[in-house]
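Student: I am new to reading protein models. Can you walk me through one?

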Amino acid sequence: MRVVATLLLSMLVGVSAFGSSFNGASVFQPAPTFTSHASRSNLEMMRHRKKVPKLGKPADQRKALLRALTTETIRHGRIKTTLVRAKAVRKHIDKMIELGKDGSLHSRRQAMAWVYDKDLVHSLFEAAEDRYGDRNGGYTRVLRTMPRQGDNAKMAIIELV
(Lines give C-alpha, C1' and ligand atoms only; values in the text may rest on other atoms or scores of the structure.)
Protein backbone atom coordinates (compact mmCIF):
# COMPACT_ATOMS: atom_id res chain seq x y z
CA MET A 1 0.00 0.00 0.00
CA ARG A 2 2.80 2.31 0.86
CA VAL A 3 4.55 1.49 -2.45
CA VAL A 4 1.45 2.41 -4.45
CA ALA A 5 1.09 5.71 -2.66
CA THR A 6 4.76 6.47 -3.29
CA LEU A 7 4.41 5.74 -7.00
CA LEU A 8 1.34 7.94 -7.33
CA LEU A 9 3.00 10.77 -5.50
CA SER A 10 6.13 10.43 -7.63
CA MET A 11 4.06 10.60 -10.82
CA LEU A 12 2.40 13.76 -9.65
CA VAL A 13 5.70 15.32 -8.71
CA GLY A 14 7.45 14.13 -11.87
CA VAL A 15 9.88 11.58 -10.50
CA SER A 16 9.47 7.93 -11.38
CA ALA A 17 11.22 4.62 -11.59
CA PHE A 18 11.70 5.11 -15.36
CA GLY A 19 14.02 8.07 -14.97
CA SER A 20 13.53 11.76 -14.61
CA SER A 21 12.54 12.30 -18.28
CA PHE A 22 9.17 10.53 -17.97
CA ASN A 23 6.50 12.88 -16.66
CA GLY A 24 3.28 10.99 -17.42
CA ALA A 25 2.04 13.64 -19.88
CA SER A 26 2.73 11.49 -22.92
CA VAL A 27 0.20 8.93 -21.74
CA PHE A 28 -2.60 11.47 -22.01
CA GLN A 29 -1.61 13.07 -25.33
CA PRO A 30 -4.25 12.89 -28.08
CA ALA A 31 -3.71 10.62 -31.05
CA PRO A 32 -1.93 12.21 -34.00
CA THR A 33 -4.24 13.64 -36.64
CA PHE A 34 -3.79 12.82 -40.31
CA THR A 35 -3.93 15.69 -42.72
CA SER A 36 -5.28 15.07 -46.20
CA HIS A 37 -4.16 16.70 -49.40
CA ALA A 38 -5.87 19.99 -50.10
CA SER A 39 -6.38 19.21 -53.79
CA ARG A 40 -7.97 15.76 -53.58
CA SER A 41 -8.95 13.09 -51.16
CA ASN A 42 -7.54 9.59 -51.16
CA LEU A 43 -10.94 8.21 -50.24
CA GLU A 44 -12.64 6.49 -53.17
CA MET A 45 -16.35 5.89 -52.93
CA MET A 46 -17.93 2.73 -54.29
CA ARG A 47 -19.97 3.17 -57.45
CA HIS A 48 -23.14 1.41 -56.40
CA ARG A 49 -25.87 1.31 -59.07
CA LYS A 50 -23.87 3.34 -61.58
CA LYS A 51 -24.48 1.84 -65.00
CA VAL A 52 -22.19 4.02 -67.09
CA PRO A 53 -18.77 2.39 -67.48
CA LYS A 54 -16.21 5.17 -67.14
CA LEU A 55 -13.51 3.44 -69.23
CA GLY A 56 -10.82 5.40 -67.41
CA LYS A 57 -11.58 8.59 -69.34
CA PRO A 58 -13.25 11.96 -68.75
CA ALA A 59 -16.78 12.39 -70.09
CA ASP A 60 -15.85 14.12 -73.35
CA GLN A 61 -13.16 11.60 -74.26
CA ARG A 62 -15.45 8.72 -73.30
CA LYS A 63 -18.21 10.04 -75.57
CA ALA A 64 -15.77 10.48 -78.47
CA LEU A 65 -14.45 6.95 -77.98
CA LEU A 66 -17.94 5.42 -77.94
CA ARG A 67 -18.95 7.42 -81.03
CA ALA A 68 -15.84 6.27 -82.89
CA LEU A 69 -16.32 2.63 -81.89
CA THR A 70 -19.98 2.80 -82.94
CA THR A 71 -19.08 4.30 -86.31
CA GLU A 72 -16.36 1.77 -87.05
CA THR A 73 -18.44 -1.21 -85.95
CA ILE A 74 -21.28 -0.19 -88.25
CA ARG A 75 -18.82 0.49 -91.09
CA HIS A 76 -16.79 -2.74 -90.86
CA GLY A 77 -19.28 -5.11 -89.26
CA ARG A 78 -16.79 -6.28 -86.63
CA ILE A 79 -13.96 -4.72 -84.66
CA LYS A 80 -11.48 -5.93 -82.06
CA THR A 81 -11.33 -3.96 -78.83
CA THR A 82 -11.18 -4.53 -75.08
CA LEU A 83 -14.00 -6.44 -73.46
CA VAL A 84 -15.18 -3.52 -71.33
CA ARG A 85 -15.28 -1.18 -74.33
CA ALA A 86 -17.14 -3.77 -76.39
CA LYS A 87 -19.78 -4.16 -73.71
CA ALA A 88 -20.07 -0.38 -73.34
CA VAL A 89 -20.47 0.32 -77.07
CA ARG A 90 -23.01 -2.47 -77.54
CA LYS A 91 -25.95 -0.36 -76.36
CA HIS A 92 -25.03 2.52 -78.67
CA ILE A 93 -24.83 0.26 -81.72
CA ASP A 94 -28.19 -1.28 -80.86
CA LYS A 95 -29.66 2.21 -80.51
CA MET A 96 -28.39 3.22 -83.97
CA ILE A 97 -29.90 0.10 -85.54
CA GLU A 98 -33.21 0.77 -83.79
CA LEU A 99 -33.16 4.29 -85.22
CA GLY A 100 -32.40 2.83 -88.66
CA LYS A 101 -35.34 0.46 -88.38
CA ASP A 102 -37.64 3.35 -87.45
CA GLY A 103 -36.54 5.29 -90.52
CA SER A 104 -38.17 8.63 -89.67
CA LEU A 105 -36.52 11.98 -90.26
CA HIS A 106 -36.16 12.54 -86.53
CA SER A 107 -34.44 9.16 -86.12
CA ARG A 108 -32.12 9.96 -89.00
CA ARG A 109 -31.12 13.25 -87.41
CA GLN A 110 -30.51 11.56 -84.07
CA ALA A 111 -28.27 8.98 -85.77
CA MET A 112 -26.37 11.70 -87.63
CA ALA A 113 -25.75 13.47 -84.34
CA TRP A 114 -23.99 10.36 -82.98
CA VAL A 115 -22.33 8.66 -85.96
CA TYR A 116 -19.42 10.53 -87.54
CA ASP A 117 -20.05 9.53 -91.18
CA LYS A 118 -23.10 10.92 -92.98
CA ASP A 119 -22.96 8.39 -95.83
CA LEU A 120 -22.74 5.56 -93.33
CA VAL A 121 -25.96 6.74 -91.68
CA HIS A 122 -27.71 6.76 -95.06
CA SER A 123 -26.55 3.24 -95.88
CA LEU A 124 -27.55 2.07 -92.37
CA PHE A 125 -31.07 3.44 -92.80
CA GLU A 126 -31.40 1.73 -96.19
CA ALA A 127 -30.26 -1.70 -94.99
CA ALA A 128 -31.47 -1.84 -91.37
CA GLU A 129 -35.12 -2.66 -92.06
CA ASP A 130 -34.26 -5.51 -94.44
CA ARG A 131 -31.50 -7.00 -92.31
CA TYR A 132 -33.01 -6.58 -88.82
CA GLY A 133 -36.77 -6.28 -89.51
CA ASP A 134 -37.72 -9.52 -87.75
CA ARG A 135 -35.30 -9.09 -84.80
CA ASN A 136 -36.37 -7.24 -81.65
CA GLY A 137 -32.95 -6.40 -80.25
CA GLY A 138 -29.64 -8.14 -79.78
CA TYR A 139 -28.07 -6.79 -82.95
CA THR A 140 -24.50 -7.26 -81.73
CA ARG A 141 -22.45 -10.20 -80.50
CA VAL A 142 -19.45 -9.92 -78.18
CA LEU A 143 -16.91 -12.73 -78.54
CA ARG A 144 -14.06 -13.03 -76.05
CA THR A 145 -10.60 -13.55 -77.49
CA MET A 146 -7.09 -14.00 -76.13
CA PRO A 147 -5.71 -11.32 -73.77
CA ARG A 148 -3.62 -8.52 -75.25
CA GLN A 149 0.11 -9.19 -75.38
CA GLY A 150 1.46 -6.07 -73.68
CA ASP A 151 -0.76 -5.55 -70.67
CA ASN A 152 -2.86 -8.75 -70.56
CA ALA A 153 -6.10 -6.81 -71.00
CA LYS A 154 -9.20 -8.87 -71.78
CA MET A 155 -9.94 -8.52 -75.48
CA ALA A 156 -13.12 -9.10 -77.44
CA ILE A 157 -14.55 -8.91 -80.93
CA ILE A 158 -17.83 -7.08 -81.29
CA GLU A 159 -19.75 -7.85 -84.46
CA LEU A 160 -23.11 -7.22 -86.01
CA VAL A 161 -25.38 -10.27 -86.09
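Tutor: We go from the whole chain to single residues. Keep in mind that this is a predicted model.

Student: Which pattern does the protein follow along the sequence?

Tutor: Read it as α-α-β-α-α-α-β-β. The total is five helices and three strands.

Student: How much of the protein is made up of buried residues?

Tutor: Buried means under 20% relative accessible area. Of the 161 residues in the protein, 29% are buried. The accessible surface comes to about 12200 Å². Carbon and sulfur atoms hold 56% of that surface.

Student: What share of the contacts comes from residues 24 or more positions apart?

Tutor: Take the contacts with a separation of 6 or more. Residues 24 or more positions apart account for 54% of them.

Student: Now single residues. Is Thr82 buried or exposed?

Tutor: Compare its value with the cut-off. Thr82 has a relative accessible area of 13%. Buried means under 20%, so Thr82 counts as buried. Thr82 sits in strand β1, residues 78-82.

Student: Which residues does Thr82 touch?

Tutor: Leave out residues up to four places away in sequence. Thr82 then touches Arg148, Lys154, Met155 and Ala156.

Student: Where does Arg47 lie?

Tutor: Look at the loop between α1 (2-13) and α2 (59-76). Arg47 has a relative accessible area of 41%.

Terms used: Residues are numbered from 1 along each chain as its sequence is written. This is a predicted model: local features need pLDDT of at least 70, side-chain atom pairs count only at pLDDT 80 or more; totals for chains, interfaces and linings use all residues. Side-chain values use heavy atoms; hydrogens and water are left out. Helices (H or I, at least four residues) and strands (E, at least two) are DSSP runs, numbered from the N terminus. Buried means under 20% relative accessible area, exposed over 50%, partly exposed in between (1.4 Å probe, protein chains only). Contact means heavy atoms within 4.5 Å. Accessible areas come from the Shrake-Rupley method with a 1.4 Å probe; for residues, only the protein chains shown count as cover.
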